[in-house]
Amino acid sequence: MPRGENDDTARFMRAIAGFSAAPETVTRLGRALVQSGGALEAMLVEINETVLRRTLTFRTDAGATLSLDVSERRVLRVVDAPVSEDKRCASVVKRVLTAEDAKPLMRLLADCIPPDDQVYVVSALPDDPATAVFEGISVRDLMDVKAPQDTAAELPKRLADMVVQGKNNMRAMTCYADREALVRWGQNDLCAAADSILPSLLPDPGPSVTLWHGGLREDSALLVISTEGFVICAFCDAQDVSRCFGAWQAYISNPNHT
Amino acid sequence: MNSVTIGEELAALRHRYPGCFVVAFADLSTGMVLAVSTLEKTAQEKLDALGRTAQSCLLGQGASAVAQVLGAGARNSPTMALQAGAHDIRCFLRAPAPAVEALCLVLTPEADLDRLLPDATEALLRLTVEA
């Protein structure tokens, strides 16, 4: 399609979108999404209502931007996203997605757009040729994946803060409630290893933190934290053993941790 | 080395660290504490529990799974476990195979682990070599 025609069509589509939306919801950033269930849910609703192929650009007042190539209620591609420190999230950007990418994509959405921020969307025609409709991830698949931000909100605030801080010092971390993973972060193989040992770990009635070290992976240590009904399995560098253990020990020894 | 000398080694280690109030030498195969040095009189039940915890942390089902994850293989076990509760820290150090002994320490949360752990590891090696 010639570039000028594409631009005209995109402008026309924006005009139509502006007319069709309630006037007060259209701003310079785009159409404000109704967010009764938070930013992530609002984006999923928008994707679910997109049947013809469009590039949806989500923005917030704070400047966060995320562009998705959407068609037939499926996310075909992440066109543009902020650089993610999480390798699994970064791996889904600018390539054709499959159903297996649902978890990292949800994590990317949650990381890019804060849950309480107002989200705006601009819908435009995509620049590149059409992609086969059987590619991408359906909204249903995305909704089946628990969003990290939503589940992190289930953690007590101070514990959630510890988990977020821990990302800086850990190779991998998984937080479980009732043996179900709520939050995963870091190397895939270590997250899978945490899943594999969880059934062997006896539940600790009181708050505790246990660290194991030894074996061929002399550079790694495993931390298991049990507190407030949650179990956290984390891998840290051997050189950070004292610091990581000390931080969690201080956390559980503080009686105000709930 | 006789039991008195083991006791002296344990006492010397404990005295070097003010935050250390129990140092015990345990047999992991039975979970039994063989010798101990304590800051204050400690009930035998508590020492028995310490030995069982050491056995569980270093040889139990969980330890075996942890060993696999850490690359030690199912037939081996981690060399160190640190366990913190709300009021104290328990440190368990396993002697190199084929020895089945371990050093168990109960520490205050303020204990200097960076200094203590290498020192305790050396003490354990001396104990197991001569035992």
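**Exercise 1. Classify Asp69(A) as buried or exposed, then find its salt-bridge partner.**

Asp69(A) has 0% relative accessibility, so it counts as buried. Buried means under 20% relative accessible area, exposed over 50%, partly exposed in between (1.4 Å probe, protein chains only). Next, the partner: Asp69(A) meets Arg77(A) in a salt bridge, N to O 3.8 Å. A salt bridge needs a side-chain nitrogen of Lys or Arg within 4 Å of a carboxyl oxygen of Asp or Glu.

This is a predicted model: local features need pLDDT of at least 70, side-chain atom pairs count only at pLDDT 80 or more, while totals for chains, interfaces and linings use all residues. Side-chain values use heavy atoms, without hydrogens and water.

**Exercise 2. Describe the salt bridge between Arg126(B) and Glu9(B).**

Start with the distance: 2.9 Å, N to O. Then place the partners. Arg126(B) lies in helix 4 of chain B and Glu9(B) in helix 1 (residues 3-16), 117 residues apart. Helices here are DSSP runs (H or I, at least four residues), numbered from the N terminus. Last, accessibility: Arg126(B) is partly exposed at 33%, and Glu9(B) is buried at 15%.

**Exercise 3. Characterise the contact between chain B and chain A.**

Count residues: 22 come from chain B and 26 from chain A. Contact means heavy atoms within 4.5 Å. Now count salt bridges between the two chains: zero. Finally, look at strands (E, at least two residues). Strand 10 (residues 208-213) of chain A pairs with strand 3 of chain B, antiparallel, over five bridges. Pairing requires at least two DSSP bridges. Within this pairing, Leu211(A) has Leu82(B) as its bridge partner.

Technical notes:
Residues are numbered from 1 along each chain as its sequence is written. Chains are lettered from A and ligands numbered from 1 in the order in which they are written.
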